[in-house]
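This report sets out selected features of the structure shown below.

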Amino acid sequence: MNIALPAESARGHGRPDPRLEQVIKLAVLAVGGQGGGVLTSWIVDLAERNGFAVQATSVAGVAQRTGATIYYVEMLANAERQPVFSLAPTPGDVDILIAAELMEAGRAIMRGFVTPDRTALIASAHRAYATAEKIVPGDALADRDAVREAMDASARTVVAFDMQQYAVRYGTVISASLFGALAASGTLPFPQKAFEEIIETSGRGAQASMRAFRAAAFTTVHGDGDKAAKPPQPGTASRREFPKVLAERIARLPDSIQDMARRGLEKVVGFQDADYGAEYLDHLDAVAGQDRAVGGEDRGFELTLAAAKHIANAMAYDDVIRVADIKTAFRRLREVEGAGGAGEQSVLKVTEYFHPSAKELCSMLPVGLGRAIEARPGLYARIDRFMNRGRRVRSNGLGGFLLLYAVAGMRRFRRRLLRHEVESVHLEAWLEAALGHARTNYPLAVQMLNCRRLIKGYSDTHARGLSKFDKVMAAAGSIADREDAADWVERLITSALADEQGEALDGALKTIGSFADTA
Amino acid sequence: MAERSFRKEVEQLRIGEGETFRGEGILAITKALLQCGVGYVGGYQGAPISHLMDVLADAQDILGELDVQFRANASEAAAAAMLAASVHYPIRGAVTFKSVVGTNVASDALSNLASGGVTGGAMVIIGEDYGEGSSIIQERVHAFAMKSQLWLLDPRPNLPSIVKAVEDGFELSEATRTPVLLEVRIRSCHVHGSFIARDNQRPEFTARDALDNPRRDTARVALPPAAFAHEKEKVEERWPAAVKFIRERKLNEFFGPDDGEIGIVLQGGMYNSVVRALQRLGLADVYGETQVPLYVLNVTYPLIDEEFLEFCRDKKAVLVVEEGQPNFIEQAYGAILHKAGVKLHLCGKDVFPMAGEYTGQVMLDGVTGFLKTQAPNLLPAQIRSPNRDANGSTLPDLSEVVPPRPPGFCTGCPERPIFAAMKLVEKELGPRHVSADIGCHLFSIMPPFEIGGTTMGYGLGPASGTAFKGDESNRPISIIGDGGFWHNGLASSIGNAVFNESDEVVVVVDNYYSAATGGQDILSSRASNPSKSTKHPITEAVKGVGVDWVRQVDRTYDVGRMQSVLHEALTTKQKGPKVIVASSECMLNRQRRERPLVAKAIGDGERVVKPRFGVDEDVCTGDHACMRLSGCPSLTVKKLDDPLRDDPVAYIDETCVGCGNCGEVADAAALCPSFYRVDTVHNPSAFELRLDRWRKGIIGWLQNRREARRAAAGSV
């Protein structure tokens, strides 16, 4: 070939300049506000002070307003003159990728900036949830494990742990922890001391930065294994002692149900009292008996498990008394004051945001009176005009506390109040509808119990949840004779939680309606 | 006060001959202007040249010492019009703005300036906001250069080349009586590098000299018959002069061997990417010594036919590397080759995509594609005939996992409650046609708010709703920011609405700054600015042009008030535009201003109250209704370690600044009672502390009493 093209013979050998391989290419993927710019300028200073030729670029502008953004650095040791560096990273050609958040590491992998042959990935494993994950009524959190697996599969080496924790602990920004992890990772040819010198001269906040830097550097070397194994933290309202009699009844339930039942019982007793807990166990015993009768043992008592969970949630409904009870609980006030950063020499004022309406008032009245008002639209509207407005209550001030304390004290009369009546009727109807299918279509009965998940929130949100619940329960009943009815109901629950207005649910219901008609 | 301070960096502007300057591209441009003896500078902020405006503002002392005038112009049009100072007087002037949007706004003045021509060098530094990270429409500035006969400089993206382009540009402008555009791309503006400085020059002829010796020349005014003469002068005198200057001064550069069957012509700004592609193909070394001949257009308009034809001599194929579309350069070269009767293979948009940024991968693919067909012998064996498909690598597919993360309102942003209120009013009165505008408030179009259907340009929100004349049943809404309002909105949007008796609701989002561009001061800014006149209320301006229905909301976080004002505006029987000025300070700037002061006050033992918000996780049911009315980064979710609970609950993280939006929205939308505010009183008085102890004592006693009773309750 060379003979045929003599003019080109001296050129085009196609072997990249070996010096090119010595260029260190480093990209930072961050979310606006995480200090990506500061981190980049530290890296530039570090390279320059150590005699490297260096170039850095960034994309400024609105991308930095909470959006994903990227910084890029190239550097070369012992350059004779200014090398020609690239202004942007190229897939497959990045040596060090720093991601300031877990999903940003995922984004870097998607963009091809992390490759097994060359990329050292340094990522903070904490999550800063994106709006898309937060606005869904159900659980739309991105799959962390998928990203962690992809990190291990894509990178040459991985340093990944929660680096945000040190930024929070020392009151600084994650850029400092990332710089620490970078230093300790040994991916740049500079000693840790050289990194520390940069931080020391970084001006305001240098001390806090140094602490976060050192903590992250330490964890990079020694790992943070023990932190992953922290004990589960139950909710503040659900830590209650309950009488032995109840504990003994739990022990008689199937083994696989006992943990859930214990938590459910705690919740219900905390909500009302031990008698109410006994009532919960009555329900559960009934379900368990039926479960055994229909051969639930072979199915791991799924029906009883679902019942243990959802009956507890249904019995511990979110009424005004419960809210007041939680707001005035000893543990709660202590935790709030802790989170407020109260030192010895500070005073905390806690303000609650309430917005009661006539509906809440009626629900708090004895059944007869509450119903009587609800039956008189004019009166109801007058009361609503008076009631329906935002009320701010200083819950740790004497007045506010006493008010809420008094409301919480209405617990004694709770079972005589309208709300309790409504909830009890609803509970019975739901259980009857679901359990009616236990013998003929066991999985469907389980999913119908799971429908309870759709009821949540307060006021409008609660009403919307109820309407979704009703729709799904009705649809479930209409397809009860289908073998795949349970799958469909599960799908309905998922779509009901996908958006606020229930558009996805209505779409799914249409599909079901179509084959329910033809069946 | 701008978001970023360059007080420290601008000291480098004083360095003299032979010293090494280190810093970002924009700072280097400023230094180059001073080295060129510029007499006046100005512009309008916007990424990627916002920092250039900030640098100029922070360098006012140094500029003053050199007798250089600095103006923060009201718009790009005003900036371009300011270059009129160079029409009759031998003063060098430079203005800067973002492009293509800024050039659009400036084009009236630029056309007039280009028609009459200039005496002193006139330069527009164009921040080309194209490609990744861009916030605007994707168009090229090239068309403006062609239509108005403005010379377009596109230097290689390194500091020495950019500095040289500033120097060459002024000389070119003066030699051809033509204003020049200096195009710098997003990354060039922020590229960190170094160059060897020269001494700063005082302008030989200052703006003051001009005022003392006024001149005029009717022949330079763009009005027929002079305008006809200008057009002829452009093509017959200025263009040939430019071609001559560019050739003689070798503004365009050649790299690599003189011979070779193929070559690459490229825009200067593409140089590093082209070289990186060649480096990866083994055709260039780390310093850019290339084996493929390169013809680098540091001036992309006008093109130099002779230079190009010389470069093409004995070549069988030439690749044109020209980012964006239309491919003006490639088309022109095709015509040049055709006219000259030269037969060669002209490649360009056949191997490159017509639209979009030439990223590293696009460049590598394009150059490889060109070489594969035109000079395969230059390529390494594995690229010529790869054993495996290069694209077939098995990257894990995370496209279904990783959520999108577009920019949005910052933590505590005062604009959030405005749109939360709009959302609530929408629920009540039904959806309305909403015209959006340019600014941070445009984030409203994205989740969770999804408000606003069009954006027609800066300050044109209300103007873009002009066709819709509503009444109290279907009145349309339009948004405009304080930045857009003063940019041209007062006349184009408000005046327009008054004159046409529009029946629309205009929401002026006033955050005290031109916030999206980095927090520069504008007329209605509340801060005192040592060199600018601020504190001019928007309401006064609006009333001044004839709006009768004006409401001022002084705390946007008051969602209830925001909601009721919007409701009133939408339902009132009064005709004509209804203007709501919703004012609260940009939280980013407010935090930057207040945080150090608060920390100091606490340190000094002063009584300081700091608010923040929290959520009771046991009260929260995990419905996330609050987030659908917020999108605040600090209002996030938390997965509980409780098998009874399926859905993650709301959680407010440590970045909360206590703006109050959460509580206000929970209240206004009657969401749920989970939110609470904690006011931490630092350094309380002794009396306050004593009261607090008593209070805690009583509350603690009551709590214990209840716990004891509860334990005893029940008959089980």
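How many residues does helix α20 of chain A have, and what does the helix reach from its first C-alpha to its last? In this predicted model, helix α20 spans residues 418–435 of chain A and has 18 residues. The reach from first to last C-alpha is 26 Å, close to the 26 Å expected at 1.5 Å a residue. Its buried residues are Leu418(A), Arg419(A), Trp430(A), Leu431(A) and Ala434(A). An α-helix has 3.6 residues a turn, so residues three or four places apart point the same way. The cover over the buried residues of α20(A) includes α16 (358–363), α17 (367–374) and α21 (442–450) of chain A.

**Confidence**

The model scores ipTM 0.93 and pTM 0.94. For chain B the mean pLDDT is 94, with 98% of the residues at 70 or more.

Is β18(B) mostly covered or mostly uncovered? The strand is mostly covered, since 6 of its 6 residues are buried. In a regular strand the side chains alternate between the two faces of the sheet. Accordingly, Val505(B), Val507(B) and Val509(B) point one way from β18(B), while Val506(B), Val508(B) and Asp510(B) point the other way, and all are buried.

**The mixed sheet of chain B**

Another open sheet of chain B has 7 strands in the order β3-β2-β4-β5-β7-β6-β12, and its pairing is mixed. Its edge strands, β3 (69–72) and β12 (299–301) of chain B, each pair on one side only. From one strand to the next the twist averages 20°. Strands β2 (residues 40–43) and β4 (residues 93–99) of chain B run parallel and are joined by 4 bridges, with Gly43(B) opposite Thr96(B).

**The contact between chains A and B**

The contact takes 127 residues from chain A and 112 residues from chain B. On the side of chain B that touches chain A, helix α23 (residues 686–712) of chain B gives the most, with 10 residues. The residues of that side divide into 55 nonpolar, 31 polar and 26 charged. Strand pairing also crosses between the chains: β7 (residues 346–354) of chain A and β24 (residues 675–682) of chain B run antiparallel over 7 bridges. In this pair Thr351(A) stands opposite Arg677(B).

| Strand pair | Sense | Bridges |
|---|---|---|
| β2(B) and β4(B) | parallel | 4 bridges |
| β7(A) and β24(B) | antiparallel | 7 bridges |

Conventions
Residues numbered from 1 in each chain as written. Chains lettered and ligands numbered in written order. Predicted model: local features only at pLDDT ≥ 70, side-chain atom pairs only at ≥ 80, totals over all residues. pLDDT = per-residue confidence, 0-100. Pairing = 2+ DSSP bridges. Helix = DSSP H or I, 4+ residues; strand = E, 2+ residues; numbered from the N terminus. Axes fitted to C-alpha atoms, helices over the stretch in contact; angles between N-to-C directions. Contact = placed C-beta atoms within 7 Å. Nonpolar A, V, L, I, M, F, W, Y, C, P; charged D, E, K, R; others polar. Expected span 1.5 Å × (residues − 1). Buried ≥ 20, exposed ≤ 12 C-beta atoms within 10 Å, placed from the backbone.
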